[in-house]
Amino acid sequence: MGDRVIGEHPLNKECITIGRKPDNDIQIDNLAVSGHHAQIITILNDSFLEDLNSTNGTYVNSKSIKKHALSDGDVIAIGKHQLKYINELTAKKGGNEDFEKTMIIRPDAAGLPSNPGEQQLSAESVGMLKAEHEQATKAAEETPSAGSAKLQILSGANTGKELGLTKALTTLGKPGVQVAAITRRPQGFFLIHVEGGTDERRPMVNGEDVGSQAHPLKDHDIIEVAGVKMEFFLEQ
């Protein structure tokens, strides 16, 4: 409020509500704030802000929003109060951020399309991704990691760009077309089919359907997801 910090709130659960009423996770007792003004949904390392049809609106970096994928340093304005979003993990992404927004599912994974009219992942797929991420994270804590790896894009608008596979789970593709994920396990890296388009076609590795089970990846494998070809590299 002004230049004074009133408090800090960890985003330690999937849905955090903001509003004037005392039943909100973050209560802002001000008449300019609606009873249930906005909510923040957090899936894995990403958070998404949604206005709950408030009277005076929700703003991010001075722009009115309905749904917004938050980035480190974003300033949310609700009434006369400002909330600064801090996420050190997203701050470290650097130049890959714009690329990742087009290649890796972000808002869709929370059921929040980044643009009106975009397809969304099904609730079943979101649940599958969360469960896979939890298992991979737990395994990584108990067993030495599988090393490091990266993808290089071979086709499409991002040809030549590289993406480090540093997370327990990296989701690729486009909802409504084809979605896959690369999971990092103690035994190595695996590609899993999450969901396809209307024909439920699966991702390809070296020109062959990966099937319904997790497919182990080898150095220089060629992956195709949602019409985009990528080469998988194990890093020494």
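**View 1. Overall fold of the predicted chain.** The secondary structure of the chain comprises three helices and 19 strands, where helices (H or I, at least four residues) and strands (E, at least two) are DSSP runs numbered from the N terminus. This is a predicted model, in which local features need pLDDT of at least 70 and side-chain atom pairs count only at pLDDT 80 or more, whereas totals for chains, interfaces and linings use all residues. Residues are numbered from 1 along each chain as its sequence is written, and side-chain values use heavy atoms, with hydrogens and water left out. Of the 236 residues of the chain, 43% count as buried, a class defined by a relative accessible area under 20%, with exposed meaning over 50% and partly exposed lying in between (1.4 Å probe, protein chains only). The chain exposes about 12,800 Å², of which carbon and sulfur atoms supply 48%; the areas come from the Shrake-Rupley method with a 1.4 Å probe, and for residues only the protein chains shown count as cover.

**View 2. The largest nonpolar core.** This core has 18 residues, and those with the most contacts inside it are Leu 151, Ile 182, Leu 191, Leu 217, Ile 223, Met 230 and Phe 232; a nonpolar core is a set of buried Ala, Val, Leu, Ile, Met, Phe, Trp, Tyr and Cys residues joined through side-chain atoms within 4.5 Å. At least two residues of this core come from each of E10, strand E13 (178-185), strand E14 (188-196), strand E18 (222-225) and strand E19 (228-235). Apart from it lies another core, of 15 residues, which includes Ile 16, Ile 26, Ile 78 and Leu 83. In soluble globular proteins, nonpolar side chains tend to be buried together.

**View 3. Surroundings of Ile 182.** When its neighbours within four places in sequence are left aside, Ile 182 is in contact (heavy atoms within 4.5 Å) with residues including Leu 151, Leu 165, Phe 190, Leu 217 and Ile 223.

View 4. Lys 150 forms a salt bridge with Glu 162, the closest N and O atoms being 3.2 Å apart, the criterion being a side-chain nitrogen of Lys or Arg within 4 Å of a carboxyl oxygen of Asp or Glu. Because Lys 150 lies in strand E10 (residues 148-153) and Glu 162 in strand E11 (residues 162-164), the pair ties together parts that are twelve residues apart in sequence. Glu 162 is partly exposed, at 34% relative accessibility. Lys 150 also lies over the face of Phe 233, at 5.7 Å from the ring centre; a charge sits over a ring if NZ of Lys or CZ of Arg is within 6 Å of the ring centre and within 35 degrees of the ring normal.

**View 5. Arg 185 over Phe 190.** The charged end of Arg 185 sits over the ring of Phe 190, 4.9 Å from its centre.

**View 6. Two further salt bridges.** A search of the whole structure finds three salt bridges, among them that of Asp 25 with Lys 13, whose closest N and O atoms are 2.7 Å apart. Asp 25 lies in the loop between strand E1 (15-19) and strand E2 (26-27) and Lys 13 in the segment before E1, so the pair joins parts twelve residues apart in sequence. Asp 51 forms a salt bridge with Lys 66, with the closest N and O atoms 3.7 Å apart; Asp 51 is buried at 6% relative accessibility, whereas Lys 66 is exposed at 53%.
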